[in-house]
Amino acid sequence: MDVTHEINLLVQELTRFGGSVKFGTLCRDERCSDIFEALVGTLKAAKKRKIVAYDSELLLQGPHDDVEIRLVQQPAAVPEASTDAAETPAASTEDSAPPQAHDSS
């Protein structure tokens, strides 16, 4: 799954919890466990993008169950990964190919 999509799902779940939830509660939530294969990785990516905040370098179920996960900002409207060819500039073969010498023998 795309990281942006996972973060958007995380935002939805944190909103469902009122914007703040303990890590242990999030881990044990049946809906979250069905959605997230790598919850800690998604949380880490969201923290790096300053969408969530929590006071721990590491999150392990059990020892860090009381760490509060807070939604600090909604993610900017970033489109999901697209495979639309119109968005990807194609290199022109005329511009990038070296001129060929013609042999007139």
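**Cysteines, a buried glutamate and a lysine over a ring**

The structure holds zero disulfides (a disulfide is a pair of cysteine sulfur atoms within 2.5 Å). Cys 27 is in no disulfide, and the nearest cysteine sulfur, that of Cys 32, is 8.8 Å away. That distance is too far for a bond. Cys 27 is buried, at a relative accessible area of 18%. Cys 32 is buried too, at 2%. Buried means under 20% relative accessible area, exposed over 50%, and partly exposed in between, with a 1.4 Å probe and protein chains only.

This is a predicted model, where local features need pLDDT of at least 70, side-chain atom pairs count only at pLDDT 80 or more, and totals for chains, interfaces and linings use all residues. Residues are numbered from 1 along each chain as its sequence is written, and side-chain values use heavy atoms, with hydrogens and water left out.

Turn to Glu 13. Helix H1, residues 3–16, contains Glu 13. Helices are DSSP runs of H or I with at least four residues, numbered from the N terminus. Glu 13 is buried, with a relative accessible area of 1%. What does Glu 13 touch, not counting residues up to four places away in sequence? The list is Asp 29, Arg 31, Cys 32, Ile 35 and Phe 36. Contact here means heavy atoms within 4.5 Å. The side chains of Glu 13 and Arg 31 are also joined by a polar contact of 3.1 Å. Such a contact is a pair of N or O atoms within 3.5 Å; within protein, one must be able to donate a hydrogen and the other to accept it, and residues adjacent in sequence count only if both atoms are side-chain atoms.

Last, a ring. Lys 47 lies over the face of Tyr 54, 4.2 Å from the ring centre. The criterion is NZ of Lys or CZ of Arg within 6 Å of the ring centre and within 35 degrees of the ring normal.

Conventions: Helix = DSSP H or I, 4+ residues; strand = E, 2+ residues; numbered from the N terminus.
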